[in-house]
Amino acid sequence: MKELVIGMGVAVMLFLGFLGVNVLPLFFLVGLGVALWLMMDRKSTVMTATREAPVRHQVSFEQIGGQEHAKRELREALDFLRYRERIKSLGIRPLKGILLTGPPGTGKTLMAKAAATYTDSVFLSASGSEFVEMYVGVGAQRVRDLFRKARALAKKESKDSAIIFIDEIDVVGGKRGQFSHQEYDQTLNQLLTEMDGMSTTHTPMVLVMAATNRPDILDSALLRPGRFDRQIKVDLPDKEGRLHILKIQTDGKPVHSSVDLEHIARETFGFSGAQLESLVNEAAIIALRQDKKEVTQEMFRDAVDKVLMGEKTGRRPTDEELQRVAVHELGHAIVSELMRPGTVSHITISPRGNALGFVRQIPESDKYLYTLDYLKQQINVALAGALAEELHYGNRSTGAQNDFVQASSLARTMVKCGLSRIGIVDEEHLPETVLDTEVRYILSEQEKETREVLTPYKDDIANFADHVVEEESVGGQEFRTWLEGVIKPELSLPAPNVELGGAQISASV
Ligand code: ADP
Ligand code: MG
Ligand code: ZN
């Protein structure tokens with residue numbers, strides 16, 4: 001076919017040339033056209049080769065991991081669009097707006113896109129910040145345009161409905177009159193006007209979806225019936241959700257058969273979907289750098305470090321510093337393992353982000369409630385770095401600054417939650433000085449306790465630190481085997497607190 005067209009073109013040109021017509025410009029144009037055509041052809045073959053999906057990439061609910069609750073709620077809401085006739089016959093007021101709330105990276109944008117696929121609607125998106133301009137009226141105009149465009153696009157693609165997705169709606173939807181900035185107010189008013197004017201009997205029907213992580217600051221007018229009267233929470237995924245997301249993100253990627261996604265899911269408490277996506281990507285980059293064909297568990301582990309702590313830095317500490325960092329990290333690791341066995345994922349002394357070294361702890365399970373014992377143990381773990389340095393060197397260094405910030409924050413939580421010596425408090429009316437005194441008291445008590453726990457291991461730390469310096473990174477299993485060999489039987493640990501009924505914590509290894 002291609003050859004035929006080219007052949008015919010050449011023949012026509014030769015013929016025209018023969019007639020004495022100047023064919024040079026024509027020749028040029030045709031040449032350009034052919035070049036463009038070939039380029040487009042190449043591109044389309046590349047695209048079909050990399051993804052089998054139809055030309056337009058569509059997101060479905062199956063591609064969203066976890067979020068079962070949110071997905072179910074959203075599907076139910078969207079059935080208003082899918083079964084419009086029934087809704088109408090029952091006289092139910094149709095839905096105009098759905099608000100997705102939750103932290104960044106949890107899949108709100110994905111949900112909105114999946115909603116468009118599910119309802120066979122055209123999809124348009126904009127971000128709240130796009131409406132904010134120096135000039136009054138521009139934002140309002142943009143809102144008008146967005147709705148007009150949505151209707152036009154639906155008509156053009158002969159679809160019955162359109163979904164408009166407004167990300168970061170809090171930027172325009174904050175409480176009116178609050179910023180003393182007319183622009184926001186006008187934009188918001190325009191959005192409300194458009195939504196009120198949206199007729200639900202006309203085709204195409206428009207559904208507005210919006211996302212925010214600050215639903216508390218939204219103008220109440222937005223949440224009134226007939227506007228965003230559905231709110232769906234899209235939270236950080238739990239362990240099952242993380243596993244599901246990891247499965248989705250690693251699907252079709254060359255992952256070594258020994259990789260335990262469940263383990264990675266357990267280690268990544270607090271990760272959002274976007275962070276998990278980035279984790280899988282980083283692991284693949286590590287494989288590329290090491291010139292490997294498959295991604296291994298170890299690469300995933302490094303990728304978790306990278307997402308949590310940042311890129312490895314080129315800083316090269318002196319040998320003395322490395323030794324000190326090893327001692328410090330061993331302090332954290334020993335106390336973590338003694339307090340809660342099986343919690344050390346690994347110890348690393350290669351600098352990453354702002355840290356010279358770190359111990360990563362594995363949470364036994366996702367935690368949403370903390371018992372007093374748990375908080376105290378975490379304070380102990382945080383203080384153990386500096387105390388190990390003190391035991392070994394007789395002095396401390398600046399390396400524990402971050403640990404102290406963490407320990408103080410845990411202690412403050414204890415006081416505010418009524419778990420301290422002074423009992424139940426009203427956070428709002430708690431004098432700063434009282435809080436301070438209590439925090440100091442807690443920290444000094446835990447410091448004493450941690451020192452007691454760690455002191456018997458003084459010589460062991462010194463011995464093992466050399467090994468850590470040599471290896472740079474020691475895995476949890478290796479560390480535990482070593483610790484079992486040097487374990488001191490006489491431990492004066494506090495009895496586990498069972499009153500609160502939280503996680504059962506065993507104090508012996
Ligand atoms: P949000 O809009 O909540 O900030 P996004 O939907 O933009 O989050 O998510 C960003 C990226 O993170 C997505 O493109 C996807 O790769 C990944 N992601 C986030 N949540 C999920 C999830 N639940 N399942 C699968 N991938 C997810
Ligand atoms: Mg988003
Ligand atoms: Zn530390």
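Biologist: What volume does the largest pocket have?

Modeller: Rolling a probe the size of a water molecule over the atoms shows where empty space is left. On a 1 Å grid over the protein atoms alone, a pocket is an open set of points where a 1.4 Å probe fits, with protein on both sides within 12 Å along at least five of seven lines; lining residues have an atom within 4 Å of a point. A volume is the space filled by probe spheres set on the points, which are joined across faces, edges and corners. Here the largest pocket has a volume of about 1,500 Å³. Its lining comprises 43 residues, and those closest to its centre are Phe358, Val359, Asn402, Asp403 and Gln406. This model is predicted: local features need pLDDT of at least 70 and side-chain atom pairs pLDDT 80 or more, while totals for chains, interfaces and linings use all residues. Residues are numbered from 1 along each chain as written, ligands are numbered from 1 in written order, and hydrogens and water are left out of side-chain values.

Biologist: Why does the largest pocket lie between two domains?

Modeller: Domain bounds come from an automatic or database assignment. Domain 3 (239-309) and domain 4 (319-508) both contribute to the lining, so the largest pocket lies between them. Helix H13 gives the largest share, 7 residues.

Biologist: Which residues lie nearest the centre of the second largest pocket?

Modeller: They are Gly105, Thr106, Gly107, Leu110 and Ala274, out of 26 lining residues. The second largest pocket holds about 510 Å³ of space. Domain 2 (61-233) and domain 3 (239-309) each supply at least three residues of its lining.

Biologist: Which residues come nearest to ligand 1?

Modeller: A residue is near a molecule if one of its heavy atoms lies within 4 Å of it. Of the 15 residues around ligand 1, Gly65, Gly105, Lys108, Thr109 and Gln249 come nearest.

Biologist: Which backbone atoms lie by the oxygen atoms of ligand 1?

Modeller: A polar contact is a pair of N or O atoms within 3.5 Å. A backbone N or O atom of Lys108 is 2.8 Å from a ligand 1 oxygen, and for Leu110 the distance is 3.1 Å.

Notes
Helix = DSSP H or I, 4+ residues; strand = E, 2+ residues; numbered from the N terminus. Polar contact = N/O pair within 3.5 Å; in protein donor to acceptor, adjacent residues only side chain to side chain.
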